[in-house]
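Biologist: I would like a close look at one part of this protein, with its surroundings described as well.

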Amino acid sequence: MPQTNSPTRATHDDAGAVGRILARAFDDDPMMRWFFPAEADRQAGLARYFTTMFTGLYLRHGLCERTGGAAAFWVPPQAREAAVPDAETAGALQDILGDRAPLFRAAVEAAGAHTPAEPHWYLALLGADPDVRGRGHGAALLRSGLARADAAALPVHLESSKPANIPVYTHFGFTVLGEFPLPGGGPPLWAMRRAAGG
């Protein structure tokens with residue numbers, strides 16, 4: 001696919017490409033390095049992880065968009081309760097994460113404890129391949145999702161696992177609600193919120 005930065009709806013046929021893009025995008029992410037500590041296996045593990053999350057969870061219950069070098073997974077408010085891994089997806093994640101699976105489950109529960117009760121759009125993840133960073137791919141995907149939330153007059157929530165991304169989200173109207181460490185000695189996450197309309 002050409003390296004265009006125009007967002008398009010991702011489909012099941014995009015699974016391999018989305019998995020590879022996100023594996024490269026999150027290779028330096030502290031949380032993903034915590035889940036996948038082995039350098040030699042990280043790219044393969046991340047690609048399997050993101051492909052599984054895409055096909056088994058967010059493609060079914062969310063809104064997935066991509067460009068030629070980036071991808072974003074969103075969960076609209078009406079899908080929040082359904083957006084949990086089913087037994088097959090949970091089993092696949094267990095296999096991918098191996099002995100890190102309990103840490104992953106604890107991290108999901110910790111993040112869930114910070115999920116607001118108010119109706120909102122949730123940005124589950126956004127990542128751009130390092131080869132296209134600075135070319136507007138991530139910004140285009142972020143603007144696309146924010147426009148949907150603004151049209152519905154709803155806020156947006158996310159958790160950032162990389163400190164360097166906080167100023168980027170702040171630029172788009174997000175504020176930090178708080179910082180919380182992941183259980184088991186993991187790195188911190190920052191809960192962020194953007195009010196309806198920015």
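Which residues of helix α1 (residues 15-25) are buried?

Modeller: The buried residues of α1 are A15, V18, G19, I21, L22, A23 and A25. Buried here means under 20% relative accessible area, while exposed means over 50% and partly exposed lies in between, with a 1.4 Å probe and protein chains only. An α-helix has 3.6 residues a turn, so residues three or four places apart point the same way. The cover over the buried residues of α1 includes helix α3 (39-61) and the strands β2, β3 and β4. Contact means heavy atoms within 4.5 Å. Helices (H or I, at least four residues) and strands (E, at least two) are DSSP runs, numbered from the N terminus.

Some conventions come before the rest. This is a predicted model, in which local features need pLDDT of at least 70 and side-chain atom pairs count only at pLDDT 80 or more, whereas totals for chains, interfaces and linings use all residues. Residues are numbered from 1 along each chain as its sequence is written, and side-chain values use heavy atoms, with hydrogens and water left out.

Two strands count as paired if DSSP finds at least two bridges between them.

Strand β3 (residues 70-75) is mostly covered, with 6 of its 6 residues buried. A70, A72 and W74 point one way from β3, and A71, F73 and V75 point the other way. On one side, β3 pairs with β2 (residues 63-66) in the antiparallel sense over 4 bridges, and R66 stands opposite A71. These two strands form a hairpin with 3 residues between them. β3 also runs antiparallel to β4, joined by 6 bridges, and here A72 stands opposite L126.

L63 is found in β2 and counts as buried, with a relative accessible area of 6%. Leaving aside residues up to four places away in sequence, L63 touches R9, Y58, A72, F73, W74, P76, W121 and R148. L63 and T11 are 52 residues apart in sequence, yet their C-alpha atoms are 10.0 Å apart in space.

Further along the sheet, β4 (residues 121-128) pairs with β5 in the parallel sense over 3 bridges, and the bridge partner of W121 in β5 is V156. H157 also sits in β5 (residues 156-160) and is buried, at 5% relative accessibility. Beyond four places in sequence, the contacts of H157 are P116, E118, H120, W121, Y122, L123, L177, M192 and R193.

Two loop residues are worth a note. A153, in the loop between α6 (137-151) and β5, is exposed, with a relative accessible area of 55%. Most residues other than glycine have a negative phi, and most peptide bonds are trans. A153 is not a glycine but has a positive phi of about 55°. The other residue, A79, lies in the loop between β3 and α4 (87-97) and is buried, at 11% relative accessibility. A79 and E179 are 100 residues apart along the chain, and their C-alpha atoms are separated by 26 Å.

As for the whole protein, it has 7 helices and 7 strands, which follow the pattern β-α-α-α-β-β-α-α-β-α-β-α-β-β along the sequence. Its radius of gyration is 16 Å, which agrees with the value near 16 Å for a compact globule of 198 residues; the radius is taken over C-alpha atoms, and the globule rule is 2.2 Å times the number of residues to the power 0.38. The C-alpha trace spans about 40 × 40 × 30 Å along its principal axes. Of the 198 residues, 49% count as buried. Among contacts between residues at least 6 apart in sequence, 74% join residues at least 24 apart.
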